[in-house]
Amino acid sequence: MNELNQEINRRRTFGIISHPDAGKTTLTEKLLLFGGAIQVAGAIKAKKASKHATSDFMEIEKQRGISVATSVMGFYYNDYKINILDTPGHKDFSEDTYRTLTAVDSAIMVLDSTKGVEGQTHKLMEVCRMRNTPIMTFINKLDRDGKDPIELLDEIEDKLQIQVRPMSWPIGMGKSFKGVYSLLEKRIFLFKPHAKQDSQSIEINNLNDPLLDELLDDQANQLRDDIELISGVYPSFNADDYLTGLTTPVFFGSALNNFGVRELLDCFIQYSPPPQSRKTETGTISVDEPTFSGFVFKIHANMDPKHRDRIAFLRICSGIFERGKKCLNVRTGKSLKFSTPTAFMAQEKSIIEKAYPGDIIGLHDTGNIKIGDTLTDGKSFLFKGIPNFSPELFRRVVNLDPLKTKQLTKGLQQLSEEGVAQVFYTITENKQVLGTVGALQFDVIQYRLDKEYRATCRFDTLDYKRACWIRGTTQDIESFISKRKNNICTDVNGDYVYLAETQWSLDREIKENPTLNFRYTSEE
Ligand code: G4P
């Protein structure tokens, strides 16, 4: 096997999808611990700081620094190179969170056993579904009294429309939590609160083994009944069904107590996909194609107006990236060269000489790169699948200093290129409307417009809840627009977008206009 194929096969690039407080940070910390990654405590502390961030401006700056540091956390485990891409979920929830999921090969979904499937998980799952991203599920906090495990599995299937395949089964929960039975390994893993080491496990090939009664007392029979029940309901795990996004293997555990995490990680490296080939506008680029290619899914700007440089996060999709070698930005036709590309290993950033498919690298940019850009050193093509996502919060921009109109326009344009917000223009008055998926983004924009562009503006809340890109024949679109003028904007590419006041009004329009296609993302 050549160098490229070897490196591809040992890479795993994934994101964690969860609702705030389900345990994503705690699980990440434990995974990094297994990988022997250093400065883990720092990562957690930083996350906590961002979690409790107010809209205070100092906090915004602090938070931006933190999110660069934790954007990508790479580590080695059993000779696998694992890249965890951060999917911010608290106040810093934004379109970046969605876009990050376009750069992963698989995801781990963390659910709080006391809460079940919550709102943000649902939204992130929709994004995963766009590319049939394989998902493993970790049901967390079994040390607390939570929902019944069967109820939790039903909830996943009902709400998320994905079939479940339990890989382990909990023995009790909360105070009576004894551990899990691994259906894959046929072993009992015994729970010990606050364990620093791996949990003790005992092979139980036959559930009628009296050893089970010795270990579990009166909970042994309950486990036997449970296993009989679930074996009848759920077919056994099939790797292909997981890889095509049809089923999700489910683990039970407690991240805080380091319980069930290693089993999850071992199964993850065994079954999760290495970097995959990617769709482009003209076909598919094979991951082991020798020429380098990648796309930009996130941009971080330096907030210091004296240094308006940025870091572009590039996901490598094929070939080998080499420091200092020329590559092409297909959108602009410009040739670019990066002398200080960085890799992200846990908390540390370091300059790299080479990077491989699945890796995320940071490229220093002075304004040549936009989100969604394709970089390549081979033939010219554009990657698909890095769309804009439907915002849920909208504000009209009111310029408070007419002398600074130019600065305001430039600032908004650059901030939208960085993906901080989307800018739309009303078709009736050509007024600027900003759309985001997280409220904090508006504070960030206002602060940055003031600090970096010296533009002052006010945001007036608009009562829209969803935006949909409209597709259809020119005639049908024009006829719809003439009826709904006040709800129509154009995006930066001049595409028509319908802003809906409620989900109900959107559903009504979808029903009444069957020849039109209302899309939640900007891409076909
Ligand atoms: P997030 O990144 O998904 O938002 O969640 P995070 O890991 O920050 O965890 C949210 C809270 O849940 C934390 O408590 C954390 O300690 C707790 N937690 C995580 N895993 C488990 C678990 O397996 N069992 C129990 N009982 N709790 C768990 P906190 O009080 O918000 O923070 P802290 O003061 O404990 O740091």
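Modeller: A definition to start. Ala, Val, Leu, Ile, Met, Phe, Trp, Tyr, Cys and Pro count as nonpolar. Asp, Glu, Lys and Arg count as charged, and the others, Gly among them, as polar. This is a predicted model.

Colleague: By class, which residues does the shell around the ligand have?

Modeller: Four are nonpolar, seven are polar and eight are charged.

Colleague: Of the 19 residues around the ligand, which come nearest?

Modeller: Asp21, Thr25, Thr26, His90 and Ser254.

Colleague: Where does an oxygen atom of the ligand lie 2.7 Å from a backbone N or O atom?

Modeller: At aspartate 21, through its backbone. Serine 254 uses its side chain instead: an N or O atom there is 2.6 Å from a ligand oxygen.

Colleague: How much of the ligand's area does the protein bury?

Modeller: The general idea: interface size is often given as the accessible area lost when the parts come together. Here, the ligand taken alone exposes 700 Å², and the protein buries 73% of that.

Colleague: Which elements give two or more residues to the shell?

Modeller: Helix 2 (24-34) and helix 3 (40-51).

Colleague: What is in the loop between helix 2 and helix 3?

Modeller: Glycine 35 has its place there. Leaving aside neighbours within four places in sequence, glycine 35 is in contact with Phe75 and Tyr76. Lysine 81 is 46 residues from glycine 35 in sequence, yet their C-alpha atoms are 9.5 Å apart in space.

Colleague: What is the mean pLDDT of the chain?

Modeller: The mean is 90, and 91% of residues reach 70 or more. Residues 38-42 are below 50; this stretch has eight contacts in the model beyond near neighbours in sequence. Residues 51-55 also stay under 50. For them the model has 11 contacts beyond four places in sequence.

Colleague: How should coordinates be read where pLDDT is low?

Modeller: Not in detail. For this chain, apply that to residues 38-42, where pLDDT is below 50, and to residues 51-55, where it stays under 50.

Colleague: Now the whole chain. Which domains does the assignment give?

Modeller: Domain 1 takes 3-71 + 86-95 + 105-271. Domain 2 is 278-376, and domain 3 is 393-519. Taken over C-alpha atoms, the centres of domain 2 and domain 3 are 29 Å apart.

Terms used: Residues numbered from 1 in each chain as written. Predicted model: local features only at pLDDT ≥ 70, side-chain atom pairs only at ≥ 80, totals over all residues. Heavy atoms only, no water. Domains from an automatic or database assignment. pLDDT = per-residue confidence, 0-100. Contact = heavy atoms within 4.5 Å. Near = heavy atom within 4 Å. Polar contact = N/O pair within 3.5 Å; in protein donor to acceptor, adjacent residues only side chain to side chain. Areas by Shrake-Rupley, 256 points an atom, 1.4 Å probe, with all protein chains shown as cover. Helix = DSSP H or I, 4+ residues; strand = E, 2+ residues; numbered from the N terminus.
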